[in-house]
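Subject: Structure for your files

Hello,

The structure I promised is below. My notes on what was found in it follow.

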Amino acid sequence: MNFKNAFLCFFYTIFLCSVIYSCSSALYEPDSKNVKNGTLLSELKEGREIYIRKCSSCHNLHLPEKYSESEWDHWLEIMAKKAQLTKQEELKVYKYVTMEKK
Ligand code: HEC
(Lines give C-alpha, C1' and ligand atoms only; values in the text may rest on other atoms or scores of the structure.)
Protein backbone atom coordinates (compact mmCIF):
# COMPACT_ATOMS: atom_id res chain seq x y z
CA MET A 1 0.00 0.00 0.00
CA ASN A 2 1.44 3.34 -0.94
CA PHE A 3 1.38 6.38 1.26
CA LYS A 4 -1.63 8.01 -0.39
CA ASN A 5 -3.81 4.91 -0.02
CA ALA A 6 -2.84 4.46 3.60
CA PHE A 7 -3.75 8.08 4.20
CA LEU A 8 -7.17 7.71 2.55
CA CYS A 9 -7.82 4.48 4.39
CA PHE A 10 -7.06 6.18 7.69
CA PHE A 11 -9.53 9.00 7.06
CA TYR A 12 -12.16 6.65 5.75
CA THR A 13 -11.93 4.64 8.97
CA ILE A 14 -12.30 7.76 11.11
CA PHE A 15 -15.24 8.88 9.03
CA LEU A 16 -17.00 5.52 9.38
CA CYS A 17 -16.41 5.41 13.13
CA SER A 18 -17.85 8.89 13.59
CA VAL A 19 -20.94 8.03 11.54
CA ILE A 20 -21.54 4.86 13.55
CA TYR A 21 -20.91 6.66 16.81
CA SER A 22 -23.25 9.56 16.09
CA CYS A 23 -26.06 7.23 15.06
CA SER A 24 -25.73 4.92 18.03
CA SER A 25 -25.53 7.73 20.56
CA ALA A 26 -28.87 9.27 19.60
CA LEU A 27 -31.88 8.50 21.73
CA TYR A 28 -34.24 6.58 19.52
CA GLU A 29 -37.46 8.24 18.37
CA PRO A 30 -40.36 5.91 19.05
CA ASP A 31 -42.53 5.07 16.05
CA SER A 32 -45.30 2.59 15.37
CA LYS A 33 -42.91 -0.39 15.12
CA ASN A 34 -42.03 0.12 18.80
CA VAL A 35 -45.64 -0.11 19.85
CA LYS A 36 -46.24 -3.54 21.35
CA ASN A 37 -47.99 -5.17 24.27
CA GLY A 38 -50.74 -2.59 24.53
CA THR A 39 -48.41 0.39 24.95
CA LEU A 40 -49.49 3.54 23.15
CA LEU A 41 -47.14 5.46 20.87
CA SER A 42 -48.07 8.62 22.78
CA GLU A 43 -46.84 7.01 26.03
CA LEU A 44 -43.47 6.24 24.47
CA LYS A 45 -43.16 9.77 23.17
CA GLU A 46 -44.06 11.20 26.54
CA GLY A 47 -41.62 8.81 28.19
CA ARG A 48 -38.84 10.09 25.95
CA GLU A 49 -39.84 13.69 26.74
CA ILE A 50 -39.86 13.08 30.49
CA TYR A 51 -36.59 11.20 30.30
CA ILE A 52 -34.85 14.09 28.51
CA ARG A 53 -36.43 16.77 30.67
CA LYS A 54 -36.12 15.19 34.11
CA CYS A 55 -33.18 12.82 33.96
CA SER A 56 -30.42 14.95 32.50
CA SER A 57 -29.95 17.46 35.30
CA CYS A 58 -27.44 15.42 37.33
CA HIS A 59 -25.71 13.28 34.70
CA ASN A 60 -25.73 12.61 30.97
CA LEU A 61 -28.59 10.53 29.66
CA HIS A 62 -27.87 6.83 29.51
CA LEU A 63 -28.85 5.16 26.28
CA PRO A 64 -31.81 2.77 26.54
CA GLU A 65 -29.80 -0.07 24.98
CA LYS A 66 -27.10 0.23 27.63
CA TYR A 67 -29.10 -1.59 30.30
CA SER A 68 -31.29 -4.67 30.39
CA GLU A 69 -34.90 -4.50 31.47
CA SER A 70 -34.10 -5.61 35.00
CA GLU A 71 -31.27 -3.10 35.27
CA TRP A 72 -33.63 -0.31 34.17
CA ASP A 73 -36.15 -1.53 36.68
CA HIS A 74 -33.52 -1.29 39.40
CA TRP A 75 -32.18 2.14 38.40
CA LEU A 76 -35.56 3.70 37.74
CA GLU A 77 -36.75 2.81 41.19
CA ILE A 78 -33.85 4.80 42.66
CA MET A 79 -33.78 7.57 40.05
CA ALA A 80 -37.53 8.24 39.97
CA LYS A 81 -37.20 9.44 43.55
CA LYS A 82 -34.23 11.65 42.72
CA ALA A 83 -36.04 13.15 39.73
CA GLN A 84 -39.31 13.32 41.69
CA LEU A 85 -41.32 11.50 39.06
CA THR A 86 -44.89 10.48 39.67
CA LYS A 87 -45.70 6.77 39.33
CA GLN A 88 -47.24 7.42 35.90
CA GLU A 89 -44.16 9.31 34.71
CA GLU A 90 -41.88 6.56 35.99
CA LEU A 91 -43.90 3.96 34.10
CA LYS A 92 -43.74 5.95 30.86
CA VAL A 93 -39.98 6.40 31.14
CA TYR A 94 -39.66 2.69 31.89
CA LYS A 95 -41.70 1.83 28.80
CA TYR A 96 -39.62 4.16 26.66
CA VAL A 97 -36.23 2.85 27.77
CA THR A 98 -37.19 -0.83 27.57
CA MET A 99 -39.56 -0.95 24.59
CA GLU A 100 -36.90 -0.97 21.88
CA LYS A 101 -35.69 -4.40 22.99
CA LYS A 102 -39.03 -6.15 22.80
C1 HEC B 1 -30.81 14.42 41.64
C2 HEC B 1 -29.84 13.90 40.68
C3 HEC B 1 -30.26 12.80 39.72
C4 HEC B 1 -31.38 12.78 38.92
C5 HEC B 1 -32.48 13.83 38.76
C6 HEC B 1 -31.30 11.53 38.18
N7 HEC B 1 -30.17 10.83 38.52
FE8 HEC B 1 -29.56 9.05 37.71
N9 HEC B 1 -27.92 9.06 38.96
C10 HEC B 1 -27.63 10.04 39.88
C11 HEC B 1 -26.44 9.64 40.61
C12 HEC B 1 -25.77 10.46 41.72
C13 HEC B 1 -26.04 8.39 40.07
C14 HEC B 1 -24.87 7.47 40.45
C15 HEC B 1 -24.85 7.11 41.89
C16 HEC B 1 -25.56 5.86 42.28
O17 HEC B 1 -25.03 4.78 42.11
O18 HEC B 1 -26.69 6.00 42.85
C19 HEC B 1 -26.99 8.05 39.03
C20 HEC B 1 -26.92 6.90 38.27
C21 HEC B 1 -27.84 6.56 37.28
C22 HEC B 1 -27.78 5.34 36.49
C23 HEC B 1 -26.73 4.26 36.59
C24 HEC B 1 -25.45 4.62 35.95
C25 HEC B 1 -24.44 3.50 36.16
O26 HEC B 1 -23.70 3.59 37.15
O27 HEC B 1 -24.41 2.56 35.35
C28 HEC B 1 -28.85 5.34 35.66
C29 HEC B 1 -29.23 4.30 34.63
C30 HEC B 1 -29.58 6.56 35.93
N31 HEC B 1 -28.94 7.29 36.91
C32 HEC B 1 -30.77 6.90 35.30
C33 HEC B 1 -31.54 8.01 35.65
C34 HEC B 1 -32.88 8.25 35.16
C35 HEC B 1 -33.64 7.36 34.21
C36 HEC B 1 -33.30 9.42 35.73
C37 HEC B 1 -34.68 10.08 35.57
C38 HEC B 1 -35.81 9.33 36.07
C39 HEC B 1 -32.21 9.92 36.56
N40 HEC B 1 -31.18 9.03 36.50
C41 HEC B 1 -32.27 11.11 37.28
C42 HEC B 1 -28.31 11.22 40.08
C43 HEC B 1 -29.50 11.57 39.47
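A definition before the notes: the bend at a residue is the angle between two axes, one fitted to the seven residues ending there and the other to the seven starting there. By that definition, H3 bends by about 30° at Leu 76. Please keep in mind that this is a predicted model.

Overall fold. The protein chain contains four helices and zero strands, so its pattern along the sequence reads α-α-α-α. Of the 102 residues in the protein chain, 17% are buried. Taking contacts in the protein chain between residues at least 6 apart in sequence, 69% join residues at least 24 apart.

Helix H3. This helix covers residues 69-82. H3 has 14 residues, and the distance from its first C-alpha to its last is 20 Å, close to the 20 Å expected at 1.5 Å a residue. Just after H3, Gln 84 has a positive phi of about 55°.

Ligand surroundings. The ligand is surrounded by 16 residues. Cys 55, Cys 58, Trp 75, Met 79 and Ala 83 are the closest of them. Helix H3 supplies the largest share of this shell, with six residues. Sorted by class, the shell around the ligand holds eleven nonpolar residues, three polar and two charged.

Regards

Notes:
Residues are numbered from 1 along each chain as its sequence is written. This is a predicted model: local features need pLDDT of at least 70, side-chain atom pairs count only at pLDDT 80 or more; totals for chains, interfaces and linings use all residues. A residue is near a molecule or strand if its C-beta atom, placed from the backbone, lies within 6 Å of it. Helices (H or I, at least four residues) and strands (E, at least two) are DSSP runs, numbered from the N terminus. Ala, Val, Leu, Ile, Met, Phe, Trp, Tyr, Cys and Pro count as nonpolar, Asp, Glu, Lys and Arg as charged, and the others, Gly among them, as polar. The expected span of a helix is 1.5 Å times one less than its number of residues. A residue is buried if 20 or more other C-beta atoms lie within 10 Å of its own, exposed if 12 or fewer, and partly exposed in between; C-beta atoms are placed from the backbone. Two residues are in contact if their C-beta atoms, placed from the backbone, lie within 7 Å.
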